[in-house]
Amino acid sequence: MEQARTRADSAASVLPAGVPEQRGAAGWHQVPEQTRGEHTHSETPLPRPRVERTSVRGQVLDALRTALVDGDLVPGEVYSAPALGDGLGVSATPVREAMQQLAREGAVEVVPNRGFRVTERSARELAELAEVRALIEVPVVLRLARTVPAAHWAELRPLADATAVAAAGGDRAHYAETDRAFHRAMLALGGNEQLVQVADDLHRRSQWPLPGGGPLSRRADLVADAAEHMALLAALEAQDLAVVQALVREHFAGAAD
């Protein structure tokens, strides 16, 4: 009996702190059959490789979103996860996971046994997205224009400046991020987080490019859009409701063209 107790004490001593003894002396990665699948509040956090995998998936998702906005992933074309993984220097698994997220966002569609096809956005579809965004954002901005102090609008100026810098550089992917950041910050002043999330999802979906269109024309469009941000913000700071109403409606009308 004493020898058995000694062996049990010795086995427990090699376990990391906080790991239940019933996990056994072979180490915390091995769990006896009778306890596998059980969950307790004292379980050790997930090992580092799982965290790194999550990070890789996020980086792959960001890279694919940038490729979509820049037009490097061509609408209508089918891409396989292994081929995209080779280009990004990762395995196919995080690419598939990222593509599944993009499929939920409507940017790609699954093609069984082949990969993922980049969604072709028609001018009509983009106009419909702009209309829905306008139905959500225009009344909110007009309401906020009447209630938010001018000092709060001034705090958004760095975000508007960031869109102007990205537009001047012709960086479509960076502009897409700064553009959404500006609109999110503007809507967030209303305090409705659900509305901000819905509007941001619609905004992201409207940013996937159409086939064709040269870089010079796209840069001009970005510069014009950024200028509207600056003008709208100036009107909001001045609390000029008539100008705000005209600018915000014009901003979304331009998005629908």
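Here are some questions and answers on a predicted model, covering its helices, its sheet and a few single residues.

Residues are numbered from 1 along each chain as its sequence is written, and side-chain values use heavy atoms, with hydrogens and water left out. Because the model is predicted, local features need pLDDT of at least 70 and side-chain atom pairs count only at pLDDT 80 or more, while totals for chains, interfaces and linings use all residues.

Q: How many helices and strands does the chain have?
A: Helices (H or I, at least four residues) and strands (E, at least two) are DSSP runs, numbered from the N terminus. Along the sequence they follow the pattern α-α-β-α-α-β-β-α-α-α-α-α-α-α. The count comes to 11 helices and three strands.

Q: What percentage of the residues of the chain count as buried?
A: Buried means under 20% relative accessible area, exposed means over 50%, and partly exposed is in between (1.4 Å probe, protein chains only). Of the 257 residues of the chain, the buried share is 33%.

Q: In what order do the three strands sit in the open sheet?
A: Two strands pair if DSSP finds at least two bridges between them. The pairing in this sheet is antiparallel, and the order is β1-β3-β2. β1 (78-79) and β2 each have a single partner strand, so one side of each is left without a neighbour, and the strands at the edges are β1 and β2.

Q: Which residue in β3 is the bridge partner of Val110?
A: Strand β2 (residues 108-111) and strand β3 (residues 115-118) pair in the antiparallel sense over four bridges. For Val110, the partner in β3 is Phe116.

Q: What is the phi of Asn113?
A: Asn113 lies in the loop between β2 and β3, and that hairpin has three residues between the strands. At 86% relative accessibility, Asn113 counts as exposed. Most residues other than glycine have a negative phi. Asn113 is not a glycine, yet its phi is positive, near 65°.

Q: Which helix lies across β2 and β3?
A: Axes are lines fitted to C-alpha atoms, for helices over the stretch in contact, and angles run from 0 to 180 degrees between N-to-C directions. On that basis, the helix in question runs at about 120° to β2, and it is α4 (residues 92-104).

Q: Is the crossing of α3 and α4 left-handed or right-handed?
A: The axes of helix α3 (residues 81-88) and α4 come within 8 Å and cross at roughly 115°. That makes α3 roughly perpendicular to α4, given that angles under 35 degrees count as roughly parallel, over 145 as roughly antiparallel, 65 to 115 as roughly perpendicular and the rest as oblique. A crossing is left-handed if the near helix is turned anticlockwise from the far one by less than a right angle, and right-handed if clockwise. For α3 and α4 the crossing is right-handed.

Q: What is the angle between α7 and α8?
A: Helix α7 (residues 157-168) and helix α8 (residues 172-188) pack with their axes 9 Å apart. α7 passes α8 in a left-handed crossing. The two helices pack at an angle of about 160°.

Q: Which residues does Val60 contact, leaving aside its neighbours within four places in sequence?
A: Val60 lies in helix α2 (residues 48-70) and is buried, with a relative accessible area of 4%. The C-alpha atoms of Val60 and Val95 are 6.4 Å apart, although 35 residues separate the two along the chain. With contact meaning heavy atoms within 4.5 Å, the partners of Val60 are Leu88, Val90, Pro94, Val95 and Ala98.

Q: Which residues does Glu237 touch, not counting residues up to four places away in sequence?
A: Glu237 sits in helix α10 (residues 215-238) and is partly exposed, with a relative accessible area of 24%. The C-alpha atoms of Glu237 and Ala154, 83 residues apart along the chain, are separated by 6.4 Å. The residues that Glu237 touches are Ala150, Trp153, Ala154 and Arg157.

Q: What is the phi of Gln239?
A: Gln239 lies in the loop between α10 and α11 (241-256). Gln239 is partly exposed, with a relative accessible area of 45%. Though Gln239 is not a glycine, its phi is positive, about 55°.
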